[in-house]
Amino acid sequence: MDNGSCCLLEGDPISQIMPPLLILTFVLGVLGNGVALCGFCFHLKTWKASTIYLFNLAVADFLLIVCLPLRTDYYLRRRHWVFEDASCRLVLFMLATNRAGSIVFHTVVAVDRYFRVVHPHHRVNGMSRRAAAGAVCALWALVVLGTLYLLTESHLCPQPHATSCESFIMESANGWHDIMFQLEFFLPLAVIVFCSLRMVWSLRRRRLAGRGRARVRRASRLIVAVAAVFVTCYLPSVLARLYFLWTVSSSACHPSVHAALHVTLSFTYLNSMLDPLVYYFSSPSFPKFYTKLGICGSRPPRPGNAAAPQPPALPQSSRPRVQAAPPELSVLSGQGCELPSSPTV
(Lines give C-alpha, C1' and ligand atoms only; values in the text may rest on other atoms or scores of the structure.)
Protein backbone atom coordinates (compact mmCIF):
# COMPACT_ATOMS: atom_id res chain seq x y z
CA MET A 1 0.00 0.00 0.00
CA ASP A 2 1.46 3.32 -0.99
CA ASN A 3 1.24 6.63 0.80
CA GLY A 4 -1.49 7.94 -1.44
CA SER A 5 -3.94 5.14 -0.62
CA CYS A 6 -4.31 5.68 3.14
CA CYS A 7 -5.35 8.56 5.37
CA LEU A 8 -3.70 9.67 8.56
CA LEU A 9 -5.70 12.54 9.96
CA GLU A 10 -4.35 15.26 12.17
CA GLY A 11 -5.89 15.17 15.63
CA ASP A 12 -7.36 11.75 14.83
CA PRO A 13 -10.36 11.18 17.19
CA ILE A 14 -10.34 7.45 16.43
CA SER A 15 -7.31 7.00 18.67
CA GLN A 16 -9.34 8.25 21.64
CA ILE A 17 -12.57 6.38 20.85
CA MET A 18 -11.36 2.90 19.94
CA PRO A 19 -9.14 1.79 22.89
CA PRO A 20 -11.93 1.85 25.55
CA LEU A 21 -14.30 0.02 23.20
CA LEU A 22 -11.75 -2.66 22.37
CA ILE A 23 -10.69 -3.14 26.00
CA LEU A 24 -14.33 -3.56 27.08
CA THR A 25 -14.97 -5.98 24.21
CA PHE A 26 -11.87 -7.99 25.10
CA VAL A 27 -12.72 -8.32 28.80
CA LEU A 28 -16.37 -9.25 28.29
CA GLY A 29 -15.53 -11.45 25.31
CA VAL A 30 -12.97 -13.43 27.30
CA LEU A 31 -15.44 -13.92 30.14
CA GLY A 32 -18.43 -14.79 27.95
CA ASN A 33 -16.61 -17.10 25.56
CA GLY A 34 -14.54 -18.64 28.33
CA VAL A 35 -17.73 -19.65 30.12
CA ALA A 36 -19.29 -20.83 26.84
CA LEU A 37 -16.29 -22.97 25.90
CA CYS A 38 -16.27 -24.49 29.39
CA GLY A 39 -19.94 -25.30 28.94
CA PHE A 40 -19.28 -26.95 25.56
CA CYS A 41 -16.26 -28.93 26.71
CA PHE A 42 -17.20 -29.96 30.25
CA HIS A 43 -20.96 -29.59 30.74
CA LEU A 44 -22.70 -30.79 27.56
CA LYS A 45 -22.91 -34.57 27.72
CA THR A 46 -24.34 -35.22 24.24
CA TRP A 47 -23.21 -33.45 21.08
CA LYS A 48 -25.55 -33.05 18.14
CA ALA A 49 -25.11 -31.37 14.77
CA SER A 50 -26.50 -28.11 16.18
CA THR A 51 -23.96 -28.27 19.04
CA ILE A 52 -21.11 -28.55 16.53
CA TYR A 53 -22.33 -25.43 14.71
CA LEU A 54 -22.51 -23.42 17.92
CA PHE A 55 -19.09 -24.62 19.06
CA ASN A 56 -17.55 -23.39 15.81
CA LEU A 57 -19.27 -20.06 16.32
CA ALA A 58 -17.43 -19.85 19.64
CA VAL A 59 -14.17 -20.74 17.86
CA ALA A 60 -14.73 -17.87 15.40
CA ASP A 61 -15.20 -15.52 18.35
CA PHE A 62 -11.95 -16.79 19.85
CA LEU A 63 -10.08 -15.69 16.70
CA LEU A 64 -11.30 -12.16 17.32
CA ILE A 65 -10.32 -12.12 20.99
CA VAL A 66 -6.76 -13.13 20.12
CA CYS A 67 -6.39 -10.09 17.83
CA LEU A 68 -7.88 -7.42 20.09
CA PRO A 69 -4.78 -6.73 22.26
CA LEU A 70 -2.69 -5.93 19.17
CA ARG A 71 -5.40 -3.69 17.72
CA THR A 72 -5.76 -1.92 21.07
CA ASP A 73 -2.02 -1.27 21.13
CA TYR A 74 -2.28 0.06 17.57
CA TYR A 75 -4.92 2.64 18.54
CA LEU A 76 -3.19 3.55 21.80
CA ARG A 77 -0.14 4.51 19.72
CA ARG A 78 -2.36 6.79 17.63
CA ARG A 79 -2.71 4.25 14.84
CA HIS A 80 0.96 3.43 14.59
CA TRP A 81 1.81 -0.22 13.88
CA VAL A 82 5.12 -1.07 15.53
CA PHE A 83 5.20 -4.73 14.52
CA GLU A 84 6.24 -6.33 11.26
CA ASP A 85 4.31 -6.47 8.01
CA ALA A 86 3.60 -10.19 8.43
CA SER A 87 1.87 -9.62 11.77
CA CYS A 88 -0.26 -6.83 10.24
CA ARG A 89 -1.40 -9.16 7.47
CA LEU A 90 -2.12 -11.96 9.93
CA VAL A 91 -4.16 -9.77 12.30
CA LEU A 92 -6.28 -8.32 9.48
CA PHE A 93 -6.75 -11.82 8.05
CA MET A 94 -7.94 -13.16 11.43
CA LEU A 95 -10.31 -10.22 11.92
CA ALA A 96 -11.85 -10.81 8.50
CA THR A 97 -12.01 -14.57 9.14
CA ASN A 98 -13.79 -13.94 12.44
CA ARG A 99 -16.36 -11.73 10.74
CA ALA A 100 -16.98 -14.16 7.88
CA GLY A 101 -16.95 -17.22 10.16
CA SER A 102 -19.38 -15.67 12.63
CA ILE A 103 -21.74 -14.68 9.84
CA VAL A 104 -21.58 -18.16 8.28
CA PHE A 105 -22.31 -20.00 11.52
CA HIS A 106 -25.04 -17.57 12.57
CA THR A 107 -26.68 -18.39 9.25
CA VAL A 108 -26.15 -22.14 9.69
CA VAL A 109 -27.74 -22.03 13.16
CA ALA A 110 -30.77 -20.19 11.74
CA VAL A 111 -31.13 -22.68 8.87
CA ASP A 112 -30.77 -25.63 11.28
CA ARG A 113 -33.58 -24.33 13.50
CA TYR A 114 -35.69 -23.56 10.43
CA PHE A 115 -35.58 -27.18 9.28
CA ARG A 116 -36.29 -28.50 12.78
CA VAL A 117 -39.37 -26.32 13.20
CA VAL A 118 -40.81 -25.93 9.68
CA HIS A 119 -39.71 -29.30 8.24
CA PRO A 120 -39.35 -31.57 11.28
CA HIS A 121 -39.29 -34.77 9.20
CA HIS A 122 -36.68 -33.64 6.69
CA ARG A 123 -33.62 -35.88 6.43
CA VAL A 124 -31.36 -32.91 7.16
CA ASN A 125 -32.54 -33.09 10.78
CA GLY A 126 -31.08 -36.58 11.04
CA MET A 127 -27.57 -35.49 10.05
CA SER A 128 -24.91 -37.40 11.94
CA ARG A 129 -22.12 -35.74 13.90
CA ARG A 130 -19.58 -36.90 11.34
CA ALA A 131 -21.55 -35.34 8.48
CA ALA A 132 -21.96 -32.11 10.47
CA ALA A 133 -18.22 -32.01 11.16
CA GLY A 134 -17.52 -32.48 7.45
CA ALA A 135 -19.90 -29.65 6.57
CA VAL A 136 -18.20 -27.42 9.15
CA CYS A 137 -14.76 -28.15 7.65
CA ALA A 138 -16.07 -27.27 4.18
CA LEU A 139 -17.51 -23.99 5.49
CA TRP A 140 -14.22 -23.06 7.18
CA ALA A 141 -12.40 -23.79 3.91
CA LEU A 142 -14.73 -21.39 2.06
CA VAL A 143 -14.24 -18.73 4.75
CA VAL A 144 -10.46 -19.00 4.56
CA LEU A 145 -10.47 -18.92 0.76
CA GLY A 146 -12.67 -15.82 0.83
CA THR A 147 -10.31 -13.92 3.15
CA LEU A 148 -6.96 -15.34 2.03
CA TYR A 149 -6.29 -12.33 -0.20
CA LEU A 150 -5.49 -10.29 2.92
CA LEU A 151 -2.32 -12.37 3.35
CA THR A 152 -1.10 -11.78 -0.19
CA GLU A 153 -0.39 -8.04 -0.05
CA SER A 154 0.97 -5.50 2.38
CA HIS A 155 -1.43 -3.24 4.30
CA LEU A 156 1.18 -1.01 5.91
CA CYS A 157 1.14 2.64 4.94
CA PRO A 158 4.29 4.54 6.04
CA GLN A 159 3.77 8.18 6.95
CA PRO A 160 6.19 10.76 8.44
CA HIS A 161 5.11 10.08 12.05
CA ALA A 162 3.33 6.72 11.97
CA THR A 163 2.70 3.56 9.98
CA SER A 164 -0.91 2.50 9.65
CA CYS A 165 -2.22 -1.06 9.32
CA GLU A 166 -5.68 -1.01 7.74
CA SER A 167 -7.61 -3.33 5.44
CA PHE A 168 -9.82 -0.52 4.13
CA ILE A 169 -8.62 2.43 2.11
CA MET A 170 -10.48 5.71 2.49
CA GLU A 171 -9.80 7.34 -0.89
CA SER A 172 -11.63 4.97 -3.24
CA ALA A 173 -13.44 1.67 -3.42
CA ASN A 174 -11.47 -1.31 -2.18
CA GLY A 175 -12.23 -3.79 -4.94
CA TRP A 176 -12.67 -7.39 -3.79
CA HIS A 177 -12.58 -6.43 -0.13
CA ASP A 178 -15.64 -4.18 -0.49
CA ILE A 179 -17.46 -6.80 -2.58
CA MET A 180 -16.90 -9.48 0.05
CA PHE A 181 -17.77 -7.05 2.85
CA GLN A 182 -21.21 -6.40 1.34
CA LEU A 183 -22.05 -9.86 0.01
CA GLU A 184 -21.20 -11.68 3.23
CA PHE A 185 -23.78 -9.52 5.00
CA PHE A 186 -26.71 -9.18 2.59
CA LEU A 187 -26.87 -12.81 1.40
CA PRO A 188 -26.93 -14.29 4.94
CA LEU A 189 -29.33 -11.54 6.03
CA ALA A 190 -31.79 -12.65 3.35
CA VAL A 191 -31.48 -16.27 4.54
CA ILE A 192 -31.95 -15.36 8.23
CA VAL A 193 -34.97 -13.14 7.51
CA PHE A 194 -36.55 -15.88 5.38
CA CYS A 195 -36.00 -18.50 8.10
CA SER A 196 -37.39 -16.20 10.79
CA LEU A 197 -40.55 -15.33 8.86
CA ARG A 198 -41.21 -18.93 7.88
CA MET A 199 -40.79 -20.07 11.48
CA VAL A 200 -43.20 -17.42 12.77
CA TRP A 201 -45.74 -18.35 10.12
CA SER A 202 -45.38 -22.06 10.88
CA LEU A 203 -45.73 -21.55 14.63
CA ARG A 204 -48.94 -19.57 14.21
CA ARG A 205 -50.48 -22.45 12.25
CA ARG A 206 -49.70 -25.04 14.91
CA ARG A 207 -51.27 -25.66 18.27
CA LEU A 208 -48.81 -27.61 20.34
CA ALA A 209 -48.83 -28.42 24.02
CA GLY A 210 -46.39 -29.68 26.58
CA ARG A 211 -42.84 -30.46 25.53
CA GLY A 212 -43.47 -29.83 21.84
CA ARG A 213 -44.60 -26.30 22.52
CA ALA A 214 -41.65 -25.63 24.83
CA ARG A 215 -39.14 -26.86 22.26
CA VAL A 216 -40.66 -24.80 19.46
CA ARG A 217 -40.72 -21.74 21.70
CA ARG A 218 -37.04 -22.25 22.52
CA ALA A 219 -36.22 -22.59 18.82
CA SER A 220 -38.08 -19.37 18.01
CA ARG A 221 -36.24 -17.52 20.77
CA LEU A 222 -32.94 -18.81 19.43
CA ILE A 223 -33.55 -17.57 15.90
CA VAL A 224 -34.71 -14.19 17.22
CA ALA A 225 -31.47 -13.96 19.22
CA VAL A 226 -29.46 -14.87 16.11
CA ALA A 227 -31.21 -12.21 14.03
CA ALA A 228 -30.79 -9.56 16.74
CA VAL A 229 -27.06 -10.27 17.19
CA PHE A 230 -26.54 -10.37 13.43
CA VAL A 231 -28.18 -7.02 12.72
CA THR A 232 -26.71 -5.27 15.77
CA CYS A 233 -23.14 -6.33 15.03
CA TYR A 234 -22.89 -6.12 11.25
CA LEU A 235 -25.46 -3.67 9.89
CA PRO A 236 -23.84 -0.41 11.17
CA SER A 237 -20.47 -1.02 9.50
CA VAL A 238 -22.13 -2.09 6.25
CA LEU A 239 -24.20 1.10 6.16
CA ALA A 240 -21.15 3.25 6.97
CA ARG A 241 -19.14 1.70 4.15
CA LEU A 242 -22.05 1.99 1.71
CA TYR A 243 -22.37 5.67 2.56
CA PHE A 244 -18.66 6.15 1.83
CA LEU A 245 -18.90 4.30 -1.49
CA TRP A 246 -21.96 6.34 -2.46
CA THR A 247 -20.30 9.67 -1.65
CA VAL A 248 -16.68 8.73 -2.30
CA SER A 249 -15.89 11.96 -4.15
CA SER A 250 -16.70 14.07 -1.09
CA SER A 251 -16.02 11.53 1.69
CA ALA A 252 -12.44 10.56 0.83
CA CYS A 253 -10.32 11.02 3.98
CA HIS A 254 -13.15 12.95 5.61
CA PRO A 255 -12.60 12.81 9.40
CA SER A 256 -16.24 12.14 10.31
CA VAL A 257 -16.72 9.39 7.71
CA HIS A 258 -13.39 7.87 8.67
CA ALA A 259 -14.30 7.81 12.36
CA ALA A 260 -17.78 6.43 11.63
CA LEU A 261 -16.34 3.46 9.74
CA HIS A 262 -13.88 2.56 12.51
CA VAL A 263 -16.46 2.91 15.29
CA THR A 264 -19.07 0.85 13.44
CA LEU A 265 -16.43 -1.77 12.67
CA SER A 266 -15.97 -2.09 16.42
CA PHE A 267 -19.65 -3.11 16.58
CA THR A 268 -18.60 -6.17 14.60
CA TYR A 269 -16.42 -7.19 17.55
CA LEU A 270 -19.49 -7.18 19.81
CA ASN A 271 -20.51 -10.59 18.49
CA SER A 272 -18.01 -12.16 20.89
CA MET A 273 -19.95 -10.51 23.75
CA LEU A 274 -23.47 -11.22 22.47
CA ASP A 275 -23.08 -14.77 21.17
CA PRO A 276 -23.41 -16.24 24.71
CA LEU A 277 -27.07 -15.16 24.42
CA VAL A 278 -27.37 -17.43 21.38
CA TYR A 279 -25.88 -20.31 23.38
CA TYR A 280 -28.31 -19.58 26.24
CA PHE A 281 -31.35 -20.10 24.00
CA SER A 282 -29.82 -22.99 22.05
CA SER A 283 -30.19 -25.75 24.65
CA PRO A 284 -31.79 -26.21 28.07
CA SER A 285 -28.36 -27.29 29.32
CA PHE A 286 -26.88 -23.81 29.02
CA PRO A 287 -29.40 -22.02 31.28
CA LYS A 288 -28.74 -24.69 33.91
CA PHE A 289 -24.98 -24.25 33.46
CA TYR A 290 -25.21 -20.45 33.72
CA THR A 291 -27.40 -20.76 36.80
CA LYS A 292 -24.91 -23.14 38.40
CA LEU A 293 -22.18 -20.54 37.89
CA GLY A 294 -24.41 -17.81 39.32
CA ILE A 295 -24.49 -15.85 36.04
CA CYS A 296 -28.25 -15.96 35.61
CA GLY A 297 -30.89 -16.21 38.28
CA SER A 298 -32.70 -19.45 38.65
CA ARG A 299 -35.78 -19.81 36.53
CA PRO A 300 -39.18 -19.56 38.19
CA PRO A 301 -40.91 -22.92 38.58
CA ARG A 302 -43.16 -23.90 35.73
CA PRO A 303 -46.89 -23.88 36.45
CA GLY A 304 -47.17 -27.61 35.93
CA ASN A 305 -44.20 -28.46 38.10
CA ALA A 306 -45.00 -26.38 41.16
CA ALA A 307 -45.90 -28.43 44.17
CA ALA A 308 -49.54 -28.08 45.13
CA PRO A 309 -50.13 -26.56 48.56
CA GLN A 310 -51.01 -29.19 51.15
CA PRO A 311 -54.26 -28.75 53.12
CA PRO A 312 -53.91 -28.42 56.88
CA ALA A 313 -53.97 -31.71 58.80
CA LEU A 314 -57.30 -32.68 60.31
CA PRO A 315 -57.67 -33.88 63.90
CA GLN A 316 -57.71 -37.62 64.37
CA SER A 317 -61.38 -37.63 65.32
CA SER A 318 -62.47 -35.67 62.23
CA ARG A 319 -60.46 -37.59 59.64
CA PRO A 320 -62.69 -39.50 57.18
CA ARG A 321 -62.47 -43.24 57.25
CA VAL A 322 -60.90 -44.84 54.18
CA GLN A 323 -63.22 -47.31 52.58
CA ALA A 324 -61.98 -50.58 51.18
CA ALA A 325 -61.46 -50.82 47.45
CA PRO A 326 -64.30 -52.35 45.42
CA PRO A 327 -64.04 -56.13 44.86
CA GLU A 328 -63.43 -55.79 41.12
CA LEU A 329 -60.33 -53.61 41.66
CA SER A 330 -59.04 -56.05 44.29
CA VAL A 331 -59.40 -58.87 41.80
CA LEU A 332 -57.54 -56.94 39.10
CA SER A 333 -54.78 -56.08 41.54
CA GLY A 334 -54.43 -59.70 42.57
CA GLN A 335 -54.09 -60.79 38.93
CA GLY A 336 -51.03 -58.60 38.43
CA CYS A 337 -52.75 -55.75 36.60
CA GLU A 338 -51.74 -52.22 37.49
CA LEU A 339 -54.35 -49.83 38.68
CA PRO A 340 -54.84 -46.79 36.47
CA SER A 341 -52.68 -43.99 37.78
CA SER A 342 -53.74 -40.41 37.92
CA PRO A 343 -52.61 -38.34 34.90
CA THR A 344 -49.42 -36.44 35.40
CA VAL A 345 -49.28 -32.74 34.74
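Is Asp 112 buried or exposed? Buried, with a relative accessible area of 9%. The cut-offs: buried means under 20% relative accessible area, exposed over 50%, partly exposed in between, with a 1.4 Å probe and protein chains only.

Some ground rules. This is a predicted model, so local features need pLDDT of at least 70 and side-chain atom pairs pLDDT 80 or more, while totals for chains, interfaces and linings use all residues. Residues are numbered from 1 along each chain as its sequence is written, and side-chain values use heavy atoms, with hydrogens and water left out.

Back to Asp 112. Its partner in a salt bridge is Arg 113, with the closest N and O atoms 2.8 Å apart. By salt bridge I mean a side-chain nitrogen of Lys or Arg within 4 Å of a carboxyl oxygen of Asp or Glu. Arg 113 is buried too, at 10%.

The count comes to eight salt bridges. Take Glu 166 and Arg 79, 3.4 Å between the closest N and O atoms. Glu 166 sits in the loop between strand 2 and helix 5, Arg 79 in the loop between helix 2 and helix 3, so the pair ties together parts 87 residues apart in sequence. Helices (H or I, at least four residues) and strands (E, at least two) are DSSP runs, numbered from the N terminus. Glu 166 is buried at 11%. Arg 79 is buried at 1%.

Glu 166 also makes a side-chain polar contact with Tyr 74, at 2.9 Å. A polar contact is a pair of N or O atoms within 3.5 Å; within protein, one must be able to donate a hydrogen and the other to accept it, and residues adjacent in sequence count only if both atoms are side-chain atoms.

Next, helix 3. Arg 89 and Asp 85 form a salt bridge there, 2.9 Å from N to O. They are four residues apart, about one turn of the helix. Arg 89 is partly exposed at 21%, and Asp 85 is partly exposed at 23%.

Now helix 2, residues 49-76. Its 28 residues reach 42 Å from first C-alpha to last, close to the 40 Å expected. That expected span is 1.5 Å times one less than the number of residues. A kink of about 35° lies at Leu 68, shortly before Pro 69. The bend is the angle between axes fitted to the seven residues ending there and the seven starting there. After helix 2 comes Arg 78, with a positive phi near 60°.

Last, Val 27. It lies in helix 1, residues 14-43, and is partly exposed at 42%.
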